[in-house]
Amino acid sequence: MNVQEVLNWLNDFSRSIMDNKAYLSELDTPIGDGDHGNNMFRGVTAMQQQLKEKQPATVADTFKVAAMALMSNVGGASGPLYGSAFIAMSKKANESEQLSELILAGAEGIQSRGKATFNEKTMVDIWFAVANALKAKQLTQATIDNAIIATKDLKATKGRASYLGDRSIGHLDPGTVSSGYLFTTMIHNLAGELV
């Protein structure tokens, strides 16, 4: 993995968020503030601008610039959660650039920040599903899609959606869907790291 590959990945992720801004906010409307798409759009726009301006020289620095941009520009809980993930990935990248270790560090960063556990209808569900599949060298698009779909039947017990109780069942978690774009674009740009 090199800096250009990571930049390509994050730029493709940004385009996915931009293309699906309205859909992400639509998903967030029945169980949240209805602004996940707009928040993420603002965050990835700032991230692209800062990556271009700062021209990070290492993979660790690239994740750090991404973290700061997302943390400063994405509102609600998503900014701190994505920021924590990328900060943890930046720290881990100083020791290892193995993708499975980086994503696991990101998942643990989200869990540490949000205090959520598996099956609580949060980003934790997809980040750990992807981290585990990477470790087993079995990550596929189906792994990502299944992790997203699995949130639909869960009852939220963390975050704003938890206030809805049983009414949160039947809706996809928007943070899981946006994370799905991150991992789908990761597969496309870092295919060589998956085996």
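Colleague: Okay, where is Leu99 placed?

Modeller: Leu99 is in helix H6. Helices here are DSSP runs of H or I with at least four residues, strands are E runs of at least two, and both are numbered from the N terminus. Before we go on: this is a predicted model, where local features need pLDDT of at least 70 and side-chain atom pairs count only at pLDDT 80 or more, while totals for chains, interfaces and linings use all residues. Residues are numbered from 1 along each chain as its sequence is written, and side-chain values use heavy atoms, with hydrogens and water left out.

Colleague: Good to know. Is Leu99 buried or exposed?

Modeller: Leu99 counts as buried because its relative accessibility is 1%. The cut-offs are under 20% relative accessible area for buried and over 50% for exposed, with partly exposed in between, using a 1.4 Å probe and protein chains only.

Colleague: And what does Leu99 touch?

Modeller: Setting aside residues up to four places away in sequence, Leu99 touches Met1, Leu134, Met186, Leu190, Glu193 and Leu194. Contact means heavy atoms within 4.5 Å. Take Met186: it sits 87 residues from Leu99 along the chain, with 9.8 Å between their C-alpha atoms.

Colleague: What about Ala107, which helix has that?

Modeller: Ala107 is found in helix H6, which covers residues 99–114. Ala107 counts as buried, since its relative accessibility is 1%. Apart from neighbours within four places in sequence, Ala107 is in contact with Trp127 and Phe128.

Colleague: How far is Ala107 from Ala161?

Modeller: They're 20 Å apart in space, C-alpha to C-alpha, and 54 residues apart in sequence.

Colleague: Switching to Ser178. What does its side chain make a polar contact with?

Modeller: With the side chain of Tyr82, at 2.7 Å. A polar contact is a pair of N or O atoms within 3.5 Å; within protein, one must be able to donate a hydrogen and the other to accept it, and residues adjacent in sequence count only if both atoms are side-chain atoms. Ser178 is in helix H9, and it counts as buried because its relative accessible area is 0%. Beyond its neighbours within four places in sequence, Ser178 has contacts with Phe13, Ile17, Leu24, His36 and Tyr82.

Colleague: Thr176 is another one I marked. Why does it count as buried?

Modeller: Because its relative accessibility is 0%. Thr176 belongs to helix H9, residues 174–189. The Thr176 side chain reaches the backbone oxygen of Thr122 at 3.2 Å. Thr122 is also among the residues Thr176 touches, along with Met123, Ile126, Ala147, Ile148 and Thr151, not counting residues up to four places away in sequence.

Colleague: Zooming out now. How many helices and strands does the protein have?

Modeller: Nine helices and zero strands. Its radius of gyration, taken over C-alpha atoms, is 15 Å, close to the 16 Å that the globule rule gives for 195 residues, so the protein is as compact as a globular protein of that length. That rule is 2.2 Å times the number of residues to the power 0.38.

Colleague: What share of the residues is buried?

Modeller: Of the 195 residues, 52% count as buried. As for contacts between residues at least 6 apart in sequence, 66% join residues at least 24 apart.

Colleague: Last one: what box do the C-alpha atoms fill?

Modeller: Roughly 45 × 35 × 25 Å, taken along the principal axes.
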